[in-house]
Amino acid sequence: MSGDWVGAIDCDMHPRVPNIAALRAHMSEYWSDTVELRGIEGFDTIAYPANAPLTVRPDWREGKPRPDEHAAGYAKAMLDPHKFGLAICNCLYAVQIIRDEYMAAAFATAVNAWVKTEWLDKDARLRASIVVPAQNPELAVEEIERWAPDSRFVQILFLVGGEQPLGQSRFWPIYRAAEKHGLTIGIHAGSNYLHAVTGSGWPSYYLEDYAAQSLAFHTQLGSLISEGVFVKFPKLKAVLIESGVTWIAPYLWRLTKFWRGVRNEVPWIDRSPLEFVRDHIRLTIQPFDAPAAGVEISRLMDLMQSDEMLLFASDFPHWQFDGDAMLPAGIDASLRKKILIDNPLAAYPRLGGRHAT
Amino acid sequence: MQLDAPFTTDAETLDAHAPGVTKSNRLAVIDGDIHPAWRKPEDLKPYLSKYWWDHLQTYGSRRKNGSVYGEPYPKSAPLACRRDAWPEEGGRPGSSLALMQKQYLDACGVEVGILGPLGATGQGDFNLDFSAAMCRAVNEWQLDTFARPEKRLKASIVVPYEDGAASAAEIERCGADPHFAQVFVLTRSSEPIGSRRYWPIFAAAERYGLPVGFHVFGTSGHPVSGAGWPSYYVEEGAGHSTSCQTAVTSLVIEGVFERFPKLKVVMVEGGFAWLAPLAWRLDKLHERMHGEVPHLKRRPSEYIREHVYVTTQPMEESDVRGQVLDLMEWIGWDRLLFASDYPHWDFDDPFRAFPVGLKAERHRQICAENGRSVYRL
Amino acid sequence: MARHVVARASEIPPGARKLVQVNGRGVVVFNIKGEFFALSDQCPHKGASLSGGKLTGLVESGEPGAYNYSRAGEIVRCPWHGWEFDIRTGRSYCDPRRMRLMQFNVTVEPGANLVEGPYVAETFKVAVEDNYVVVEA
């Protein structure tokens with residue numbers, strides 16, 4: 001039944017920090033005072049301009065506070081009417097753009113504390129990603145250790161755009177901590193804007209900036225595999241969040257073809273990149289880049305060569321679909337159940353199958 | 001799962017070497033990407049002023065990745081070339097017209113091959129005047145060394161693309177000469193290639209009815225991706241399709257095809273399968289945010305369908321039979337152009353590169369008919 | 001199955017290879033430290049002639065940054081797309097189960113044995129005092 005969302009696990013929704021005061025409440029005296037002393041207004045980025053159509057669906061802009069600013073708002077918009085089992089909060093407050101890494105760490109701690117207090121503690125169906133100051137992997141590990149005892153934190157959140165690809169060894173301490181605690185790695189659209197969002201510089205329009213996010217996912221996927229992250233940390237899983245999905249098969253064909261010819265450069269990759277992807281990579285299903293008509297969804301799904309790759313996600317409050325068209329039309333019932341429930345449970349060990357259905 | 005094995009396609013019957021294939025029914029081949037090389041840097045000397053020759057000797061090429069040899073990612077083979085393409089008489093692969101004729105043009109029955117000079121051609125150099133002088137020299141060298149002696153080979157107008165005005169001047173200088181078949185730009189430009197500073201290139205190309213070929217590589221001065229510099233050649237190589245996508249996105253969204261409605265562009269050596277998902281993505285974003293780009297009168301996919309061509313090399317290879325054909329179908333059979341990349345290591349043979357199940361008429365279309373309608377032949 | 005005399009043994013010293021024609025198809029004969037191996041010359045990927053490939057060793061790794069290099073000269077890399085084939089087995093590294101080269105039995109025999117036949121040696125005059133590479137196909 002296409003309208004049946006009972007028990008679904010929403011693997012990507014975005015609580016919005018309403019204002020800097022919300023974070024100050026969770027800061028040490030020093031950092032709270034600093035915010036006031038230096039007149040810090042906040043660290044939102046141009047990745048999601050507040051009033052751009054994509055950023056918030058029109059019907060989810062209504063209300064004060066807005067539905068994405070409080071747990072009850074999201075529950076009323078999504079959890080209750082569709083009877084989702086669980087949802088994972090991915091807060092996109094951009095600590096990643098802060099140049100001062102200690103300030104970044106302080107803001108990350110405040111964001112996580114705010115998510116815990118205002119979201120996780122308010123609704124038992126909610127889970128969350130740990131926001132980390134990836135600027136400094138040691139500080140990121142400290143942040144992970146701070147929240148890992150709380151099993152409601154199920155993932156470590158990165159932005160897809162950064163100075164160095166995420167497979168590189170400077171990030172491995174983070175993956176060591178992730179594997180130890182059964183945390184999944186989540187890589188989400190967005191950039192720290194420390195350099196251009198494309199390999200050819202800065203585009204003129206927001207539309208191009210957002211379009212380019214899927215290209216950064218190509219790089220991150222190639223990096224995670226080629227650097228041997230999954231050889232080093234064989235229990236790790238990484239979820240590509242809000243990537244667009246359909247880019248992956250053409251890219252994997254290329255990566256695999258190159259690997260066949262130049263694999264002696266990365267001899268630790270002793271089997272096809274496709275196998276690493278099947279074992280370790282998952283993708284959230286919104287947005288799903290497909291044409292409005294003319295292409296059978298089943299043929300697009302077949303490109304994945306696996307029915308275990310896709311995870312349900314609403315991407316709330318981003319405007320990726322209207323009404324409750326949360327999945328592409330034409331997915332059969334068994335695949336639908338996998339996407340909604342089974343695949344998310346397998347991707348996130350910390351969900352532990354304890355979702356309410 | 002069925003692996004795409006060679007020698008079992010309909011295409012095989014068109015093989016120039018196959019028994020029973022006569023001149024009249026064999027496959028015609030128009031190749032969108034052949035790489036000529038000079039034997040030694042002195043080959044360019046006759047085409048440079050004394051000032052620029054001395055400059056080249058004194059300061060060398062200065063490309064935007066800091067490497068003297070041009071490539072921070074060492075290739076899989078010397079000069080990224082086929083091991084069997086080194087001329088016996090010495091010199092680099094691609095420098096011997098005789099070997100190119102024997103090993104490739106004659107052997108594969110190539111009717112027309114489009115030259116794409118790479119390496120230290122001056123494209124993307126920090127010094128714009130040097131860049132312009134080098135490109136001019138490379139263009140003259142192409143004519144004398146390849147395009148005039150061998151009528152099957154057509155030159156590209158190599159332009160100093162970071163300087164729009166100088167590029168337009170070079171197109172004006174060469175554009176009327178029928179030995180030139182396209183304008184040649186690299187995908188890694190310093191700004192997205194649809195930006196206004198590059199528009200004089202498109203205006204001049206349109207004026208002469210020349211397609212603009214965007215070949216992968218180049219040095220932009222930025223990390224090769226929005227996620228930074230990867231470590232390995234395998235990543236860099238697989239990632240070329242992303243710089244092609246950046247270029248197509250920019251050309252469409254910045255309004256180049258609205259402004260230059262007769263312009264055709266060819267994306268070269270980045271594969272092709274990425275084009276369908278990119279068009280779908282841009283259409284969805286345009287539906288949401290057309291208000292930001294009011295200069296666009298149509299959906300992005302419509303501009304792509306009308307103005308953008310892709311070469312097939314390096315051929316996409318899926319472990320699942322039929323998937324590559326699906327992508328070809330979704331992109332459009334009339335958008336695909338065969339290219340070999342001779343003499344480089346990821347060479348595609350026109351008879352053996354294509355996936356199992358490709359119908360002979362499609363094979364003919366991609367290998368020749370489409371090229372005839374795109375290039376100024 | 002016939003026995004084909006394809007070369008004088010001295011023509012293919014250790015580390016060398018020779019492309020020969022057997023039953024109208026290319027066969028490449030390698031000499032690894034005195035042992036001879038005969039493989040189909042045509043790469044099963046896209047048909048390049050493996051006789052033009054570079055010899056290399058086998059690199060394996062247990063973890064990122066580790067490079068264990070062994071069997072120098074026993075792997076041939078396709079001159080086009082770089083696929084590696086084990087000369088001893090004909091198997092590709094990247095897809096050993098499905099992508100492999102046909103192997104042929106190959107022996108080195110003194111001319112004195114061969115003059116008694118049966119064998120196929122259109123292009124050779126077999127001399128009693130030399131040794132010859134014989135491929136069965």
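This is a predicted model: local features need pLDDT of at least 70, side-chain atom pairs count only at pLDDT 80 or more; totals for chains, interfaces and linings use all residues.
**View 1. Helices α4 and α5 of chain A pack against each other.** In chain A, helix α4, which covers residues 101-120, and helix α5, which covers residues 137-147, pack at an angle of about 20°, and their axes lie 10 Å apart. Because angles under 35 degrees count as roughly parallel, α4(A) is described as roughly parallel to α5(A). The crossing of these two helices, α4(A) and α5(A), is right-handed. On the α4(A) side the contact is made by Glu101(A), Ala105(A), Ala108(A), Thr109(A) and Asn112(A), while α5(A) contributes Leu139(A), Glu143(A), Arg146(A) and Trp147(A). Sorted by class, the residues in this contact of α4(A) with α5(A) are four nonpolar, two polar and three charged.

**View 2. Chain A meets chain B.** Here 61 residues of chain A are in contact with 58 residues of chain B. On the side of chain A that touches chain B, at least two residues each come from β4 (153-161), α7 (206-226) and α9 (248-262) of chain A. Which element gives the most to this side of chain A? It is α7(A), with 15 residues. By class, the side of chain A that touches chain B holds 31 nonpolar, 22 polar and eight charged residues.

**View 3. Chain B meets chain C.** In this view, 13 residues of chain B are in contact with eleven residues of chain C. When the residues on the side of chain B that touches chain C are divided by class, six are nonpolar, one is polar and six are charged.

Definitions and conventions. Residues are numbered from 1 along each chain as its sequence is written. Chains are lettered from A and ligands numbered from 1 in the order in which they are written. Axes are lines fitted to C-alpha atoms, for helices over the stretch in contact, and angles run from 0 to 180 degrees between N-to-C directions. Helices (H or I, at least four residues) and strands (E, at least two) are DSSP runs, numbered from the N terminus. Angles under 35 degrees count as roughly parallel, over 145 as roughly antiparallel, 65 to 115 as roughly perpendicular and the rest as oblique. A crossing is left-handed if the near helix is turned anticlockwise from the far one by less than a right angle, and right-handed if clockwise. Two residues are in contact if their C-beta atoms, placed from the backbone, lie within 7 Å. Ala, Val, Leu, Ile, Met, Phe, Trp, Tyr, Cys and Pro count as nonpolar, Asp, Glu, Lys and Arg as charged, and the others, Gly among them, as polar.
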